[in-house]
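Hello,

Here is the structure I promised to pass on to you. Please open it and keep it in view while you read the notes below.

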Amino acid sequence: MKKLIVGGTVVDGTGRPGYKANVLVEDDRIAEIGEIAPQPDMEIIDAAGLVVAPGFIDTHSHSDLQVLLEPSVAPKVMQGITTEILGQDGISLAPLPQEYISPWRKNLAGLDGDSDDIDWNYKNTQGYLKMISDVRPGLNECYLVPHGNIRMEAMGLENRQPNEEELEKMCASTRREMEAGAIGLSTGLIYMPCAYSESKEIIEMCKVVAEYDGSFVIHQRSEADTILDSMREVIKIGRESGVKIHYSHFKVCGKKNWDKIEQVIELLEQAEKEGIRVSFDQYPYVAGSTMLGVILPPWVHDGGTDKVLERLADHELRKKMVYDIEHGIPGWDNFVEFAGLDQIFVTSVKHKKNEDAVGLSLTELGKLRGKDPYQATFDLLLEEENAVGMVDFYGTEEHVQRFMKRPEMNACTDGLLGGKPHPRVYGAFPRILGKYVREDKALTLEEAVYKMTKKPADTFRMVGRGEVKVGNYADLTIFNPDTVIDKGTFTDPAQFPEGIEYVLINGGLTVKQGKHTGNRSGVVLRKKGLDVVK
């Protein structure tokens, strides 16, 4: 049935001022915009007092496993997201050679979770994307091929540099996965095994990605003490490979590093003057979220999760871990140093016996266990096989707004979906509209919608999405600009937002009057030629 959205203000995603118009949807497309009279064969959606915008695009998502287990991915759809990009931080589900399934599941668990309810024998990106298609996802899904998976396939999980043959294999695997529909390459240079690599390895892989005009999406080596050197490395990769650079969850961590923000912005602008294409995404909070295992010094991770657990069981090595955390290692992002034990909170565990740790800071965990906080944390990581999530507080509202206003910025969630998650899983996009547009006036409504829709669609070459335009796919989010806001808190994060009234995905009505309809009309979007298409 045709759908006619009547009485709303269209904010089309381009940044232009909103305008009053009706929007006609036929099948999966926007058929007409203007003064359209209702007809008997139309389902009428009353948008009086509401904004009709393109569906929001989440460029940094961790629904990789969740979409197979709960395909509706309700926390995303209920905040107006219609498309998300999986495969982040260089660690995801595919490719996955059979001999590495067991160690890789352990490595992945802290970031994307683990489950015995799927068949892990899908082998590669083609197999993984078919699994997503087969479960009929609730929203559109794109995939970045992860550097860590490619490296593992070529040379295992060892801490060394590849030889020429292994590097050629990595490039060939990258090409295979791009041909299978991956929209770019991701890496996370604080995560094993990506952290073992040097620039040369990444440049060669990015040369392949550049042939497809794909994006290189990077959690850079440092977001703290050595962020300037880290950014120079990323810019060098862009310069020497020709690839588009997209920094993940852009920020500067730690009070002592806040004076570097001006230089960080200068580096962005210098790269752009040089002709290097640069963008970044950002979540609208002063706290981040990742695997608790990142607080451990880099040497603890050599050889994979099984080796991590062996070292955590060694009390002499624990002393060295504490020393390195307390004194630092040059070039290592030390989360305890820039957040503090009292500002790092446990968000998820695998086993019921440790559920009492969820929601506690590492300082509080020590008190609960009657131990030094370090030893209590090491015990928790050992008992949970390193599959523990965390939230850490690192920045200020002033800095969030400074980066939010940058032309390179688009919005993301970067939310881990397990346990007691970061509230961004449920509320990142409504928070921008409610707090940063309506309350703080850091952005205009049109600017914010652009950064949520057309900006990411253009960055990743998503054809037919990101703009309310005749002929485009009917991915639409209809919200109340006067009430839209996130509801989740760090102590009670799993709350759907207010003000997201309707969501259409490929023309299917997925949210109606603020309630999920059960509809699942998402598709897998793949790179074909230079563009990302259905």
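**Cysteines and pockets**

The count of disulfides comes to zero in this model, which is a predicted one. A disulfide is a covalent bond between the sulfur atoms of two cysteines. To be counted here, two cysteine sulfur atoms must lie within 2.5 Å.

Now for the pockets. The largest pocket holds about 420 Å³ of space. Its lining is made of 25 residues, and Asp112, Gly113, Asp114, Leu417 and Gly418 lie nearest the centre. Which helix or strand gives the most to this lining? Helix H3 does, with four residues. H3 spans 101–112, and helix H1 (66–69) and strand S17 (344–348) also supply at least two residues each. By class, the lining of the largest pocket has 10 nonpolar, 11 polar and four charged residues.

The second largest pocket has a volume of about 360 Å³. Around it are 19 lining residues, with Leu189, Ile190, Ala195, Pro298 and Trp332 nearest its centre. This lining divides into 13 nonpolar, three polar and three charged residues.

Enjoy exploring!

Definitions and conventions:
Residues are numbered from 1 along each chain as its sequence is written. This is a predicted model: local features need pLDDT of at least 70, side-chain atom pairs count only at pLDDT 80 or more; totals for chains, interfaces and linings use all residues. Side-chain values use heavy atoms; hydrogens and water are left out. On a 1 Å grid over the protein atoms alone, a cavity is a set of points where a 1.4 Å probe fits but cannot get out, and a pocket is an open set with protein on both sides within 12 Å along at least five of seven lines; lining residues have an atom within 4 Å of a point. Grid points are joined across faces, edges and corners, and a volume is the space filled by probe spheres set on the points. Ala, Val, Leu, Ile, Met, Phe, Trp, Tyr, Cys and Pro count as nonpolar, Asp, Glu, Lys and Arg as charged, and the others, Gly among them, as polar.
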